[in-house]
Every structure is written in structure tokens, then in C-alpha cells.
Amino acid sequence: MIKCRVEGGAAPAPVYRLFLADEYVCDGLSCDFVQADVLVALQDIYTPNIGKFYELQAGGFYYGLVTEVYSGPGAILNPTNYTNCDSWCSL
Amino acid sequence: MALPASGQISFDDVIIEMSQSAHASYDMPSFSIGLNGLYTPINVNSSNSGKYTTGNTNIALSDFYGYDMTLTYPTGSTLQDLFFNVEPSGLCNPSAMVVFNAGTANTDLELEFSGSVSDFSLVDTAVIYYGKPWKNDGSAIPTNATIIMTDSTLTTGMNYSSSYSYVYNADSGSNIYFVIYGICP
């Protein structure tokens, strides 16, 4: 069989927007505050919702977006978000 | 836009989808094999499998249910099959293609087009185009399409592998076409 391939042309590297966020963990029932001013990153194809709560892509922590910033490395978030951090604990 | 998967379809529907051509002839055996020079190549993307005829006799309109001329593969390491959709006793000068969507960002691409002597035994010419390689009447190459590679010396098969500096332009679109043009089987 004749074979054809076009390799490369991969999608460009994702671009992220950075935010300062409040960090929480889930104690099984509700979110417990851990620390403030954690740098997090959300891919720019998603509309960020300041004040809403996102899950760390690697799992384990939840972040309420506070304000956008424009430099520095940030922990990558999943795009799903909730108005109330406790919503993550009931999943 | 693909042909519907069922229900009523017209000759006009089929000829337009099969060939993306304004050619006026309802020459079904010819456009169903992508007769070179009059009609456009048959897109043998795996999602079209079974959605076009495999011969030039006893052709029914329902053979084309669900056929989609515009199907593309993404770029990547996966090798895709390219073949004629005609049986050895089919008409002369078929053409077939697979199409890759290279996106809109300029980048270096690696192109591979390969097969053995027997794979190319019914192939007269193998061509890679950037941009849609036919005019609206099914003939010739539009000015906004370019030939990246052409090979008519296939007596030893082909093992083409080369880099291509892909520069997107809106007139040509984002598709890379691999086309085989056949001899009389």
C-alpha cells in the first residue's frame, strides 16, 4: 500500500495567562484555605473567571483566582471552574 | 460538506461532492474514479471507506452515501494509506488522494510518500500539492496551488522523504494533497 505522511506542523505551544490565586485543599467536606498569592496559569483559549475556583491540573489543590499578573511561572489549572470551592469537595 | 448518509440524493449532489467540479457531464463511471483531467481525485480517507464505488460498473447513487470530499488527516507520525478505488478492470486514468491539514502557522514539515514497485504498478504520476490542485471544472492546477513534488519515474517504487518549509497563505488554504494519477490498468 502506498503510504503518506505529513509530520510536524504541530499545534503551537499553548499560551497561558497568569493569575495570583488563593490556594485551598479539600478536607473531604469543604475547602480549607492554605495560602494566598500563589501564581497559577490558565491557557489563553479559556476565558478566566476571577473569583471562581479551579483545580490544579496535577490535582490536589484548588485555586480561587484573585487578579491577573503578567510574569512568572505558574501552576497550570484545568479550565473547569465553580463559584464555590466546596463544590470541588462533593465531586 | 459530506453527502447525506441516507435518504434522497441527486446526481448533482453526488457529482459536486465527488469532484467539487462544475464539469457539466454526468459521466458517473468517470467521476467516480476521479478521471484525471476532467474530474477531481477521490478522497480515500479512511472515514470514507465504503462510501464510494470500487468499480466502474453497476454503480448506484447509494454507493456514495456519506462520502466527504473535504476529509483531512491531521499532521503527525501516522502513515496514511493511498490507493485507487477502482478494480484492476476499471477505467483508465483514475486519480485518488489523501489530504493533510497543516494548519495556519508557518512551520517546517516532514513529508513522506512511499511504496514498493508493486504499490505503484498502476500509478503513472505521484504528486504532492500545497493548495487545492484542481480548478472548478475539475481540470488543471489553479494558480494558488503549488507542486511540492512530482514523480513519474516509479519503476522502482518511491521512497520520498523531505522537509518542506510550509508558509501558509489564505488563498491556498491549509491542506497538503497527496495525489496519485493512474495508467490504464
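Predicted model: local features only at pLDDT ≥ 70, side-chain atom pairs only at ≥ 80, totals over all residues.
Helices (at least four residues) and strands (at least two) are DSSP runs, numbered from the N terminus.

Figure 1. The secondary structure of chain B comes to 2 helices and 9 strands. Read from the N terminus, both kinds of element follow the order α-α-β-β-β-β-β-β-β-β-β. Of the 185 residues of chain B, 37% are buried. Among the contacts in chain B with a separation of 6 or more, 71% link residues 24 or more positions apart. Chain B has a mean pLDDT of 85, with 92% of its residues at 70 or more. For the model, the scores are ipTM 0.85 and pTM 0.68.

Figure 2. Chain A has 91 residues, of which 25% are buried. Residues 24 or more positions apart supply 61% of the contacts in chain A with a separation of 6 or more.

**Figure 3. The hairpin of β2(A) and β3(A).** Strand β2 (residues 16-26) and strand β3 (residues 31-43) of chain A run antiparallel and are joined by 10 bridges. One of the facing pairs is A:Y24 with A:F33, the latter in β3(A). The hairpin has 4 residues between the two strands, and A:G28 in the turn shows a positive phi of about 110°.

**Figure 4. The pairing of β3(A) with β6(A).** Strand β6 (residues 75-82) of chain A runs parallel to β3(A), and 2 bridges join them. Here A:A41 has A:I76, in β6(A), as its bridge partner.

**Figure 5. The contact between chain A and chain B.** Chain A gives 10 residues to the contact, and chain B gives 29 residues. On the side of chain A that touches chain B, the residues comprise 5 nonpolar, 2 polar and 3 charged. Strand pairing also crosses between the chains: strand β1 (residues 2-8) of chain A and strand β3 (residues 80-82) of chain B run antiparallel, joined by 3 bridges. Within this pairing, A:C4 stands opposite B:Q80 in β3(B).

**Figure 6. The largest nonpolar core and a second, separate core.** The largest nonpolar core holds 45 residues, and those with the most contacts inside it are B:L82, B:V98, B:I128, B:Y177, B:F178, B:V179 and B:I180. Elements of both chains give two or more residues to this core: β1 of chain A, and from chain B α1 (11-19), β4 (95-101), β5 (107-115), β6 (123-130), β8 (158-166) and β9 (175-182). A second, separate core has 15 residues, including A:Y24, A:F61, A:L65 and A:L77.

**Figure 7. The contacts of B:V98.**

Figure 8. Is B:N43 buried or exposed? B:N43 counts as buried because 25 other C-beta atoms lie within 10 Å, and 20 or more are required. Not counting residues up to four places away in sequence, B:N43 touches B:N48, B:M69, B:L71, B:M97 and B:V99. B:N43 and B:F84 are separated by 41 residues in sequence, and their C-alpha atoms are 9.5 Å apart in space.

Terms used:
Residues numbered from 1 in each chain as written. Chains lettered and ligands numbered in written order. Buried ≥ 20, exposed ≤ 12 C-beta atoms within 10 Å, placed from the backbone. Contact = placed C-beta atoms within 7 Å. Nonpolar A, V, L, I, M, F, W, Y, C, P; charged D, E, K, R; others polar. Pairing = 2+ DSSP bridges. pLDDT = per-residue confidence, 0-100. Core = buried A, V, L, I, M, F, W, Y, C linked by C-beta atoms within 7 Å.
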